[in-house]
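User: Hi! Could you walk me through a few local features of this model?

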Amino acid sequence: MRRRAFLSVVCGAVAWPLAAAAQQSTNKKHLAIFSPSEPSADLHEHSENKYWRALFAELRRLGQIEGKNLKVERYGREQNTSGFEALATEIVRSNPDVIYFIGPGALIFKKLTSRIPIVVMTGDPVKQGLAESLAHPGGNFTGVSVDTGPSIYGKRIALLREIIPTMSKLGCLVLRLSWNGPNAGPAIRAAAETAGLSLAVSLLEFGTSEAGYRAAIESISRDGANAVVVVDSPETFQNGTLIAKLLGDAKLPAIFTFTESVEAGGLMAYSFAFIELYKRVGNNIDAILRGAKPGDIPIYQATKFELSLNLKTAKQLGLSVPPALVATADKVIE
């Protein structure tokens, strides 16, 4: 073989895998994840958080594999230092193929883009103005709704009352963005009024410090609350162990949204089946990456709930849990 021909063959053999790798890199889809309260280190396939593991396992099952055909950029609480809107603007500017956003405040993305598909895990998207309806969202939003209407807060109040029948004032630990939004705040106020309860409300910010949580719970205690509802958000999930401890120190019984908070010492939780919700999110993301329009993908509304009780905490608080309530619980910690 002539030298020129030989070099051509060799160089071609070397260049081909490089070109293929470059093409594969170019063909990777781009997913941006924004969870303002969670550390970005949790937002991956090998996370200690079982819900994130479930999401990435579902994506992998569907053929969306990070590092192979999927590029993932994570925006957690460490990146959320210049303000919520500023970071959302940065994410939109990066022009991902799809954005996944967790928590209240998704409306900011509607102001920033009508083109990039956005999957959300949030409260009622119709009330927020993100979707025309759950069945036919329209626009560029889809995802899952963890809001089943005002009845969910009425149910949590009723569960608390089974253990504390003399309850007259309800403490509420809630993210300010949730309280001032169209979902949680109005629903909790309506549920409390129906139950004949006055409210003692402490508002939280993204990234509230331990001292901030302590001050918020002390405020609720001073206001004379008999029990507390801890309103769901990524912020209260991330700080569930701390909140359970501080409420225990204050001798305040509470109902949470997350089973993990009961495992950490909280009294009770009436929670969504989060594994199922994260898998639904994975299916939404996959469908969009394969060409589906978000506005054509129905928004899934949580329908399955799990009751958890911590009888050890009840005993420490001097409370008696009705046997019938124990019998209906999905998880009981003795």
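User: Where is Ser35 found?

Analyst: Happy to start there. This is a predicted model, in which local features need pLDDT of at least 70 and side-chain atom pairs count only at pLDDT 80 or more, while totals for chains, interfaces and linings use all residues. Residues are numbered from 1 along each chain as its sequence is written, and side-chain values use heavy atoms, leaving out hydrogens and water. Ser35 is found in the loop between strand S1 (29-34) and helix H2 (50-61).

User: Is Ser35 buried or exposed?

Analyst: Buried means under 20% relative accessible area, exposed over 50%, and partly exposed in between (1.4 Å probe, protein chains only). Among the residues that Ser35 touches, beyond those up to four places away in sequence, are Leu43, Trp52, Tyr75 and Pro234; contact means heavy atoms within 4.5 Å. With a relative accessible area of 0%, Ser35 is buried.

User: Which side chain makes a polar contact with the side chain of Ser35?

Analyst: A polar contact is a pair of N or O atoms within 3.5 Å; within protein, one must be able to donate a hydrogen and the other to accept it, and residues adjacent in sequence count only if both atoms are side-chain atoms. At 2.5 Å, the partner of the Ser35 side chain is that of Glu38.

User: At what angle do the axes of H2 and helix H12 cross?

Analyst: Helices (H or I, at least four residues) and strands (E, at least two) are DSSP runs, numbered from the N terminus. Axes are lines fitted to C-alpha atoms, for helices over the stretch in contact, with angles from 0 to 180 degrees between N-to-C directions. Trp52 and Leu55 are among the H2 residues that meet H12, whose side includes Phe274 and Tyr278. The axes of H2 and H12 (residues 274-289) come within 8 Å and cross at roughly 35°.

User: Why is strand S5 described as largely enclosed?

Analyst: Strand S4 (residues 118-122) pairs with S5 in the parallel sense over five bridges, where pairing takes at least two DSSP bridges between the strands. S5 also pairs with strand S11 (residues 300-301), again in the parallel sense, over two bridges. S5 (residues 141-145) is largely enclosed by the rest of the structure because its buried residues number five of the five.
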